[in-house]
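This briefing is meant to be read alongside the sequence and the model. Please keep both in view while going through the points.

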Amino acid sequence: MTRRCCWPKVQIFRSCCNFRCCNDVNNEDNHDENNADDKNHHIELATGRVQLINTIQNWDAKLLETKKPGKIVILNFSSSWSSPCRRIAQPYCKLADKYPSITFLTVDVDALAEMSSTWEVKATPTFFFLKEGKQVDKLVGADKQELKMKIANIDSLPS
């Protein structure tokens with residue numbers, strides 16, 4: 001069966017989560033946070049050293065920081081209702097603790113849909129690896145091992 005994501009702002013066509021609204025292509029309903037089937041639907045995606053970007057003002061301030069010489073930033077486009085995003089949130093936060101010289105950001109795709117479109121985010125999670133404000137790598141999906149490898153690679157790049 002073709003699955004359509006319930007993310008109303010982008011309408012990504014993929015299986016993004018296990019909730020009823022995403023499992024039936026004919027179901028136009030968005031997630032109902034009071035629905036018993038949606039237990040633990042929303043979780044915290046940014047804890048510890050991971051900074052949540054949920055306003056354009058937050059992003060503008062961080063954007064200036066990303067362009068500093070030698071600065072490395074991991075930008076995670078994520079949503080709290082997406083099963084893959086929830087799965088990778090804790091490992092992402094642990095990696096932030098392991099690499100204190102790297103800035104870890106999580107962009108709330110629901111709050112900043114326009115930014116997601118600008119960055120051409122087609123699925124969540126999507127990670128962008130920036131050095132001095134320039135994209136050097138990208139990862140789409142919640143592959144923990146691939147994420148670890150890419151972070152280690154960008155950390156080892158010469159300044």
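The model is predicted, and it contains five helices and five strands, which run α-β-α-β-α-β-α-β-β-α from the N terminus on. Of its 159 residues, 46% count as buried.

**Overall fold and surface**

- Among contacts between residues at least 6 apart in sequence, 64% join residues that are at least 24 apart.
- The protein exposes about 8500 Å², and carbon and sulfur atoms supply 47% of that area.

**Helix H3**

- Helix H3, which spans residues 83–98, has 16 residues and reaches 24 Å from its first C-alpha to its last, close to the 22 Å expected at 1.5 Å a residue.
- At Ala-89 the helix H3 bends by about 35°, and a proline, Pro-91, follows within four residues.
- Both Ala-89 and Pro-91 belong to the buried residues of H3, which also include Ser-83, Pro-84, Cys-85, Ile-88, Tyr-92, Cys-93, Leu-95 and Ala-96.
- These buried residues of H3 pack against strand E2, strand E3 (103–108), strand E4 (126–131) and helix H5 (144–155).

**Salt bridges**

- In general, side chains of opposite charge can pair when their charged atoms come close.
- The side chains of Lys-62 and Glu-65 meet in a salt bridge, with 3.5 Å from N to O; because Lys-62 and Glu-65 are three residues apart in helix H2 (residues 56–66), about one helical turn separates them.
- An α-helix has 3.6 residues a turn, so residues three or four places apart point the same way.
- The two partners fall on either side of the 20% cut-off, since Lys-62, at 18% relative accessibility, counts as buried, whereas Glu-65, at 21%, counts as partly exposed.
- A further salt bridge joins the side chains of Asp-137 and Lys-150, at 3.0 Å from N to O; this pair links distant parts of the chain, with Asp-137 in strand E5 (residues 134–140) and Lys-150 in helix H5, 13 residues apart.
- Asp-137 is partly exposed, with a relative accessible area of 26%, while Lys-150 is buried, with a relative accessible area of 12%.
- Lys-150 also forms a salt bridge with Glu-146, the closest N and O atoms being 3.7 Å apart; Lys-150 and Glu-146 both lie in helix H5, four residues apart, or about one turn of the helix.
- Glu-146, at 26% relative accessibility, counts as partly exposed.
- Separately, salt bridges that share partners join Lys-62, Glu-65 and Lys-71 into one network.

Notes: Residues numbered from 1 in each chain as written. Predicted model: local features only at pLDDT ≥ 70, side-chain atom pairs only at ≥ 80, totals over all residues. Heavy atoms only, no water. Helix = DSSP H or I, 4+ residues; strand = E, 2+ residues; numbered from the N terminus. Buried < 20%, exposed > 50% of the residue type's maximum accessible area, 1.4 Å probe, protein only. Contact = heavy atoms within 4.5 Å. Areas by Shrake-Rupley, 256 points an atom, 1.4 Å probe, with all protein chains shown as cover. Expected span 1.5 Å × (residues − 1). Bend = angle between axes of the 7 residues up to and from the residue. Salt bridge = Lys/Arg side-chain N within 4 Å of Asp/Glu carboxyl O.
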